[in-house]
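Q: I'm new to this structure and would like a close look at its aromatic rings and what surrounds them. Could you walk me through that part?

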Amino acid sequence: MTARRLSALSLVAATLLCGSSLAAAPVAGQAKSLEIEQFDTRISVLSNGRIHVVEAIRFRFAGSWNEVYRDIPIRYETPRGFRLDLDLRVSSVLDEAGQPFEYEESRKGHHKRIKIWVPGAIDTVRTVRIEY
């Protein structure tokens with residue numbers, strides 16, 4: 001693998017960790033809060049140059065929540081004009097027991113948005129595992 005390719009992969013991996021965002025959609029009219037208790041990421045660079053990412057995010061839900069959002073950057077641009085567009089494909093979104101969550105993907109600007117429905121997210125702690 002060339003130094004330029006490794007550099008680009010390193011940039012992508014670092015930005016995945018630092019440049020991503022999370023959000024949650026509350027149910028109207030109720031006092032609530034959302035806290036991320038833990039965010040673990042495992043990034044593997046495969047022999048074919050692809051990157052495999054597994055995120056485990058533990059949320060503490062106070063009040064009643066319907067869903068959370070995970071925004072992941074998929075376009076990067078350097079000051080010198082180098083542009084990198086990622087072909088990000090979500091392979092699974094699971095709970096702590098390995099059961100699938102319902103989710104949908106969309107695009108929001110330079111980000112892929114994953115909307116994840118978290119059933120029973122009322123005054124509880126839940127873990128969401130996203131693999132892409």
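A: Let's begin with a term: rings of Phe, Tyr and Trp (its six-membered ring) pair if their centres lie within 6.5 Å, and planes under 30 degrees apart count as stacked, over 60 as edge-to-face and the rest as tilted. A search of the whole structure turns up two aromatic pairs. In one of them, the ring centres of Phe61 and Trp65 are 6.3 Å apart and the planes meet at 55 degrees, so this pair is tilted. Phe59, Phe61 and Trp65 together make one aromatic cluster.

A word on the source: this is a predicted model, where local features need pLDDT of at least 70 and side-chain atom pairs count only at pLDDT 80 or more, while totals for chains, interfaces and linings use all residues. Residues are numbered from 1 along each chain as its sequence is written, and side-chain values use heavy atoms, with hydrogens and water left out.

Back to the pair: Phe61 has a relative accessible area of 2% and Trp65 has 8%. Both count as buried (under 20% relative accessible area, with exposed over 50% and partly exposed in between; 1.4 Å probe, protein chains only).

Trp65 also has a charged neighbour: the charged end of Lys32 sits over its ring, 5.7 Å from the centre. For this, NZ of Lys or CZ of Arg must be within 6 Å of the ring centre and within 35 degrees of the ring normal. Likewise, Arg113 lies over the face of Tyr69, 4.5 Å from the ring centre.
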